[in-house]
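Subject: Structure handover

Hello,

Here is the structure I said I would pass on. My notes on what was found in it follow below.

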Amino acid sequence: MPNPESRVVEVVAGVIRDARGRILLTRRTEGRDLAGLWEFPGGKREPGESPEAALQRELHEELGIDCEVGAALIDVPQAYPDKRLRLDVRELKHWRGSVRGREGQALVWVPPAKLARYEMPPADRPVVAALLQPDRYLVTPAPGADDDARWLAALERALAAGATRVQLRAPGTAPARWRALAAAAVTRCRTAGAEVLINGDAELALALSSGLHLRAAQLREYPRRPLPAELPLAASCHDAEELRRAQALGCDFAVVGAIRATPTHPGAAGIGWDGFAAMREAVSLPIYAIGGLAPDDIATARAHGAQGVAAIRGLWPDAIAEAAA
């Protein structure tokens, strides 16, 4: 875990878009930490300075532009060898002026889909995910006995409501039944344009050409990434060491929790948002928070460095309807 005695550096950065929708990156100059890497432009907050005022000042000093600061995108806590960084990233509503590197830094306008190609400091990588990837991760419940049609219909409703990243999970379901049901679910997810991952079964994931979501205990089973790079790989993690293993294995994202106590883990206290943020510092992976969460928690999750929320009850249509009844 990060050293709590390390100095904390608060940095604010902006997502600056041009008329073509490209996003501005600046290159860290020689003589600075992480020189040569690309980052979202901004800088350190001065004591007593608001994030908005700090970003306006930094962008004027570094780029020669004036701006109106918009909504928060994500606030990333990240541990470095000599400090603990908090990177507060804001969208810009408007900006005026001619962008130029007033401190000798290189600039590049990047189409959003190509941002991940640029080498970045660890704190900036979750920002790319926050811009491009879903802010919610649906985890399916187990189907009831002889209830496959209803389960598939609920999945279709979730997809129609906008679920674009789905983990197929059905603990306790007979293997033959699950293989058939998973195949039907993968087809529905693909038709809807959603990314789909199979929980825990690499063989089935490969057979269906889907992604794989590893359980925490499985992280030690694989010496290398068990899927080709074009298929998504994720993992459930419960501590910083598991997160490091997930990152070393080449996972594309992780899930951490439980944030709050849940019906599936009665009596188990959640780690809370401060506990989540402390674990978030250990890696640069996009991380979903899980445990008693719903879409209303996404803003809070982003404020603690999460990609968004993962949930069963909070995102599954039948569970939502039952809770509202």
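**Aromatic pairs and a buried arginine**

Tyr137 and Phe253 are both buried. Please keep in mind that this is a predicted model.

A search of the whole structure turns up eight aromatic pairs. One of them is formed by Tyr137 and Phe253: the ring centres are 5.1 Å apart and the planes stand at 85 degrees, so the pair counts as edge-to-face. The pair connects distant parts of the chain, with Tyr137 in strand S8 (residues 136–139) and Phe253 in strand S13 (residues 253–257), 116 residues apart. Tyr137 and Phe253 also belong to one aromatic cluster together with Tyr288.

Trp151 has 4% relative accessibility and so counts as buried. Trp316, at 4% relative accessibility, counts as buried as well.

Another charge over a ring is found at Tyr80, where Lys83 lies over the face of the ring, 5.6 Å from its centre.

The remaining notes concern Arg28. Where is Arg28 placed? Arg28 is in the loop between strand S2 (23–27) and strand S3 (38–39). Is Arg28 buried or exposed? Its relative accessibility is 14%, and because buried means under 20%, Arg28 counts as buried.

Setting aside neighbours within four places in sequence, Arg28 is in contact with Asp33, Leu34, Ala35, Gly36, Leu37, Glu39 and Pro121. With Glu39 there is also a polar contact between side chains, at 2.8 Å. As a further distance, the C-alpha atoms of Arg28 and Pro41 are separated by 9.6 Å, and the two residues are 13 residues apart along the chain.

If you open the model, the Tyr137 and Phe253 pair and the Arg28 and Glu39 polar contact can be looked up by residue number.

Regards

Definitions and conventions: Residues numbered from 1 in each chain as written. Predicted model: local features only at pLDDT ≥ 70, side-chain atom pairs only at ≥ 80, totals over all residues. Heavy atoms only, no water. Helix = DSSP H or I, 4+ residues; strand = E, 2+ residues; numbered from the N terminus. Buried < 20%, exposed > 50% of the residue type's maximum accessible area, 1.4 Å probe, protein only. Contact = heavy atoms within 4.5 Å. Polar contact = N/O pair within 3.5 Å; in protein donor to acceptor, adjacent residues only side chain to side chain. Phe/Tyr/Trp six-rings, centres within 6.5 Å; stacked < 30°, edge-to-face > 60°. Lys NZ or Arg CZ within 6 Å of the ring centre and 35° of its normal.
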